[in-house]
Amino acid sequence: MKAEGPSTTIDEAWGHIPQSREATAGIGSFTRQRVERIIALVAGVGALLIFVQTFFTALSQTSQLGPWSVALLVAGFGPLTLWIIACLSGRWVRPASSFFAITYVATLAIWPVATAQATLPAADVPWIWLLVNLATLAAVLVYSLPLQIAWTIFAPLLAGLLRLIQGGFEASAWYAVTLDVSFAWILGGVILSLGWVLRSIAVGVDEARGHAVDSYARAAAANAAEQERVAVAALMHDSVLAALIAAERADTARARTLAMAMAREALTRLANAEQDAAEGSDTPRSATGIAEDLEVAAREVGVTVNVDRRIAAETPAVPGRVARALVLAATQAVANAVQHAGGAGLRVSVEAGIDQICLVVRDSGEGFDMAGVPDDRLGIRGSIIARVAAVGGVADLQSSSRGTIVALEWPASDAAAAVLGESPFAAEGSAS
């Protein structure tokens, strides 16, 4: 076991958050994910409109582009169709965008060779040109900023080059191609800028939300710690201090009995400061029943423990409040072993005889330094040591690099009388 730290509560709460891929992806990128979905949806709608317009243009040019015109149609519109479907459905957007952007550039590269026998007039714009800004948009959806800039610059440049080749590098073709390439660069720059701006805003919103949530969590943790300190301070003042004063002023058997009762109540309240656990009834509980209760309590903290029982036949029953205190203290030791040692080498045993009952929790974790546990942490001092002391028992903790052993002992002879309110001072009082 390790000592409990200030971040234990936050770490434990984080462990209950679903850790699936969808959940973890959405924790810090709520706005970014939605901006990406909006961009993809708008891109799909716009690409669909351009697809319809360009497809009919391509059909009208089929007979003029030579024998490879059908293959060029498949190479151009096949990946485009997949990309549009992906954008509209919101699934496989990144691979579909990358596939279309690459195949478009590849189609541009083979276009001059595939249309070497074309009869398309030089003044007519080939249909492949009409998709140039869609390739830029696809690159914006999937690539990093340097590659987006590269696609924005070189895709129109390559498409313009094939138009010059088609026009035989005539002077009239130079003017039209230069003008069209300039417009393509302007429109591509607008698309690239809008994508960058929207994503930057989304990232800023997510970062602001993350800082706000982190600040709220820290404030909540600080408030909880302060409330805990106030509660413990009030407890120390109202119960522990009162019990000490009563013990100091006790000069009769009756006063000493009252002081003992006040001390027991103060220790019980201190032990339950982090858990709303009542003392329970005084119905006697056997040592075997205590072992069974401990197995059930261990399952409630998420671990299955088979308690090793070494119980003598003549072992007497234990008062109910004692049994409950021992089980709660042992359960806290088990929880600490699971949380801080990962449950490594966890073993639990119950040993009982005619004189005492002992619960032992062992683990093989890396151990902890008891002196290093903060004073305001009650997981060990309160839930284990004080809880057992409240019923007249003793808690012994031994920890090293080889593991931790927590032994909870309750002597059945003198302690039973004290717990049940039968003080040895009563006889003295009656004798007097």
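**Ground rules.** I number residues from 1 along each chain as its sequence is written. The model is predicted, so local features need pLDDT of at least 70 and side-chain atom pairs count only at pLDDT 80 or more, while totals for chains, interfaces and linings use all residues; side-chain values use heavy atoms, with hydrogens and water left out.

**Sheet.** I looked up the strand order and found an open sheet of five strands, β1-β2-β3-β5-β4, with mixed pairing. From one strand to the next the twist averages 10°. Strands (E, at least two residues) and helices (H or I, at least four) are DSSP runs numbered from the N terminus; two strands pair if DSSP finds at least two bridges between them.

**One pair.** I followed β4 to β5 (residues 403-411), where the pairing is antiparallel over seven bridges. Q398 stands opposite I405 in β5.

**Helices on the sheet.** I traced α10 (residues 287-300) across β1, β2 (347-352) and β3 (356-363); α10 runs at about 165° to β1. α11 (residues 320-341) packs on the sheet and touches β2, β3 and β5, with its direction at about 10° to that of β3. Contact means heavy atoms within 4.5 Å. Axes are lines fitted to C-alpha atoms, for helices over the stretch in contact, and angles run from 0 to 180 degrees between N-to-C directions.
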